[in-house]
Amino acid sequence: MAKKIKTLIKIALPAGGATPAPPVGTALGPHGLNIMEFVKAYNDRTADQKGNVIPVVITVYEDRTFSFITKKSPVAELIKKVMKTEKGSQKPGREKIGTLTMDQARQIAKDKMEDLNTDDPEMAARIVAGTARSMGIDVN
């Protein structure tokens, strides 16, 4: 018989660098989970992606056990990596911080495709372009 699910927890953590401190401890502690067990499993699974922010969805079961799946880095993080910038524009509608080509947007969309809610590569590139525009980056 399948275990009964108590809750789902979604958090974004640095790959290979999770610690029991917040946000992990404050997210898992109230559910009675073994925080160090999660931290070790997460760090082992994401060790090869150091330097990226990896979202994780943790499924908590009634018997205080858990399972988790990792996602791809957020689109905004991938855009920042391609643009070699620390953050987006402070005033996205007025100040532009750079230009993203549609080829770069397509490459980011291809990398992120399994997490996006479309199967069309061109629509995925448009999703990436929209995120870039909201960060103050022109898209050509």
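In what sense do β1 and β2 pair, and over how many bridges? β1 and β2 pair in the antiparallel sense over nine bridges; two strands count as paired if DSSP finds at least two bridges between them. Helices (H or I, at least four residues) and strands (E, at least two) are DSSP runs, numbered from the N terminus. This is a predicted model, in which local features need pLDDT of at least 70 and side-chain atom pairs count only at pLDDT 80 or more, while totals for chains, interfaces and linings use all residues. Residues are numbered from 1 along each chain as its sequence is written, and side-chain values use heavy atoms, with hydrogens and water left out.

**The sheet**

- Three strands form an open sheet in the order β1-β2-β3, with antiparallel pairing.
- β1 (5–14) and β3 (66–70) stand at the edges with a single partner strand each, so one side of each has no neighbour in the sheet.
- Neighbouring strands of this sheet are turned by 20° against each other on average, direction ignored; axes are lines fitted to C-alpha atoms, for helices over the stretch in contact, and angles run from 0 to 180 degrees between N-to-C directions.
- Thr7 has Val60 in β2 as its bridge partner.
- Strand β2 (residues 53–61) pairs with β3 in the antiparallel sense over five bridges, and Thr59 stands opposite Ser67 in β3.
- β2 and β3 form a hairpin with four residues between them, and Arg64 in the turn has a positive phi of about 65°.
- Eight of the nine residues of β2 are buried, so β2 is largely enclosed by the rest of the structure (buried means under 20% relative accessible area, exposed over 50%, partly exposed in between, with a 1.4 Å probe and protein chains only).

**The helices**

- Helix α2 (residues 35–46) lies across β1, β2 and β3 and runs at about 30° to β3.
- Helix α3 (residues 75–83) packs with helix α4 (residues 102–112) at an angle of about 135°, their axes 11 Å apart.
- α3 and α4 are therefore oblique to each other (angles under 35 degrees count as roughly parallel, over 145 as roughly antiparallel, 65 to 115 as roughly perpendicular and the rest as oblique).
- The contact (heavy atoms within 4.5 Å) is made by Val75, Leu78, Ile79 and Val82 of α3 and by Gln104, Ile108 and Lys112 of α4.

**Gln49**

- Gln49 sits in the loop between α2 and β2 and is partly exposed, with a relative accessible area of 30%.
- Leaving aside neighbours within four places in sequence, Gln49 is in contact with Ala15 and Ile54.
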